[in-house]
Amino acid sequence: MNTFSRRHFIKTVVAGLTGICAYYCVSNHKVYAQSSSIPTNNKHILVIYYSLPESDSNLNEHRENSTVTIDNQLLGNTQYMAMIIQAALKNTDIFRIETVTPYDTTDHAKLIEQAKNELNNNYRPALKQINNLDQYDTILFGYPIWWADLPTPVYSFLSQNDFAGKKVIPFGTHGGSGFANTRTTIAKLQPNADFRGQNGLTIYRDRIDNAKNEIVDWVNQLSLV
Ligand SMILES: Cc1cc2nc3c(=O)[nH]c(=O)nc-3n(C[C@H](O)[C@H](O)[C@H](O)COP(=O)(O)O)c2cc1C
């Protein structure tokens, strides 16, 4: 190889390597950028709910309305509502708040007394933990009314988790109290959340069996997806 062709050969190899490097650096950068940044129009929605389906065989007509039976499965009213919301939102995750020690749901009178004592004593039952709250920017937060208040497991959840910066929309079921003051309470417990209490929906328990369309319409007008 003469001097010219050797130089030419080296130049060609260097140019080739530079080109290969440039291609991989740029394409790797693109891949990196795609995988690490969340597109601004990508909503991450989570339905969180608490619900306590009662199984007292002596319940009267009204109290029996604390549950819904779908495909032989006993669901709590709020649980049923949460499942309708999840289905209406499509591909949305759902999380059920659960206490470490389950409540005895076979005796309504006893449960009512226990709930009253827990609320009066600011008792906060231990919960099974949620790990991945960070990845969601919108929370639909559901619960039943207990003694015109939040259930104590919901207090536990709100004291252990921070909704800062997240859009939070409440929903729930009740036996006549509506939301009572629970929306004000949530706003106080989560001062850094973008809490949309006025956009919430609560359903009277006697109407829950026939409320599917109303719930779906409500979800749709929230325009979350
Ligand atoms: C311990 C307890 C206390 C309740 N207190 C009230 C109340 O003060 N006001 C009300 O409207 N409903 C009250 N309810 C009725 C529930 O809010 C209603 O049945 C709700 O639909 C139950 O939802 P769930 O099946 O998802 O738990 C109470 C229910 C329980 C179990």
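Trainee: How many nonpolar, polar and charged residues does the shell around the ligand have?

Mentor: One sorts the residues of the shell by class. In this predicted model, the shell around the ligand has 10 nonpolar residues, 12 polar ones and 1 charged residue.

Trainee: Which residues come nearest to the ligand?

Mentor: Of the 23 residues around the ligand, those that come nearest are Gly-76, Thr-78, Pro-144, Gly-175 and Ser-177. At least two residues of the shell come from each of helix H3 (77-89), helix H4 (108-120) and strand E6 (167-174).

Trainee: How should I read burial, and how many residues of strand E5 are buried?

Mentor: A residue counts as buried if 20 or more other C-beta atoms lie within 10 Å of its own. Across the 225 residues of the protein, 29% are buried. In strand E5 (residues 138-144), 7 of 7 residues are buried. Thr-138, Leu-140, Gly-142 and Pro-144 lie on one side of E5, and Ile-139, Phe-141 and Tyr-143 on the other, so that both faces are covered.

Trainee: In which sense does E5 pair with strand E1, parallel or antiparallel?

Mentor: For pairing, one looks at direction and at bridges. Strand E1 (residues 45-49) pairs with E5 in the parallel sense over 5 bridges, and Ile-45 has Thr-138 as its bridge partner in E5. E5 and E6 also run parallel, joined by 7 bridges. Within that pairing, Phe-141 stands opposite Pro-170 of E6.

Trainee: Through which helix does the chain cross from E5 to E6?

Mentor: The chain passes through helix H5 (residues 152-160), and this β-α-β crossover is right-handed.

Conventions: Residues numbered from 1 in each chain as written. Predicted model: local features only at pLDDT ≥ 70, side-chain atom pairs only at ≥ 80, totals over all residues. Buried ≥ 20, exposed ≤ 12 C-beta atoms within 10 Å, placed from the backbone. Near = placed C-beta within 6 Å. Helix = DSSP H or I, 4+ residues; strand = E, 2+ residues; numbered from the N terminus. Nonpolar A, V, L, I, M, F, W, Y, C, P; charged D, E, K, R; others polar. Pairing = 2+ DSSP bridges. Right-handed = clockwise from strand over helix to strand, strands pointing away.
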